[in-house]
Amino acid sequence: AVVVSVDYRLAPEHPFPGAHDDSFSAYRWLLAKGADPAKMIVVGDSAGGNLCLSLLQRLRHEGLPLPACAVAMSPLTDGTFSGPSIKRNDGLDPMFTAAGFHRLAPLYLADEAQRAQPLASPLFGELSGMPPILLTVGSSELLLDDSVRFASRCPGTELQVWHDMPHVFPLFEFFPEAVRARADMARFIEASLKAGL
């Protein structure tokens, strides 16, 4: 497979919607180069998971072809941080605190009222007509309910909640669960590609 990693602009130097515009431009560039969307998979973790899920909605809104599927690991889907797990798992999540999230948010999107718009918070967008989506998240994460609520609203989404796993754990080779999670992702992608043929 050919992998394209988008070097999108980062906050605080480049706040919202710079990263989203870069992701959208990269996808359009791939289409212009002749890439077959039926063979494309969009993948992201954490903030990249947010970009991944927002991109799908933007592509549909713009009338562009959607990829075969998407995989998001521990995605941020709610920029307002209204999910119950933000408070419930505060102190359990080994990587983040609720206070830290609230301190960082203005560096990305200063206007608090705009954080609920679908491009910033894909949870609040129109979620019908999406390709198959796999969400992977740990049970102790602050962002657990970002995935749970997204999956409950988006038809065809498969949700995997892994017990006591930290943020984006599939990227950490030393977790046996990470190896199993990546194998599940591979099976999901293969099945999605076959279904689209």
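Leaving sequence neighbours within four places aside, Leu 53 is in contact (heavy atoms within 4.5 Å) with Ala 72, Pro 75, Thr 77, Pro 122, Ile 133, Leu 135 and Phe 150. This is a predicted model, where local features need pLDDT of at least 70, side-chain atom pairs count only at pLDDT 80 or more, and totals for chains, interfaces and linings use all residues. Residues are numbered from 1 along each chain as its sequence is written, and side-chain values use heavy atoms, with hydrogens and water left out.

**Nonpolar cores**
- A nonpolar core is a set of buried Ala, Val, Leu, Ile, Met, Phe, Trp, Tyr and Cys residues joined through side-chain atoms within 4.5 Å; buried means under 20% relative accessible area, exposed over 50%, and partly exposed in between (1.4 Å probe, protein chains only).
- The largest such core has 20 residues, of which Leu 53, Ile 133, Leu 135 and Phe 150 touch the most other members.
- Helix 1 (18-32), helix 2 (47-62), strand 2 (69-73), strand 3 (133-138) and helix 5 (144-153) each give two or more residues to this core.
- Helix 2 provides the largest share, five residues.
- Another core lies apart from this one; its eight residues include Leu 76, Phe 81, Ile 86 and Leu 143.

**Strand 1 and its partner**
- Strands 1 and 2 run parallel, joined by five bridges, and Gly 44 stands opposite Ala 72.

**Helix 6**
- Ala 183 sits in helix 6 (residues 176-196) and counts as partly exposed because its relative accessibility is 29%.

Conventions. Helices (H or I, at least four residues) and strands (E, at least two) are DSSP runs, numbered from the N terminus. Two strands pair if DSSP finds at least two bridges between them.
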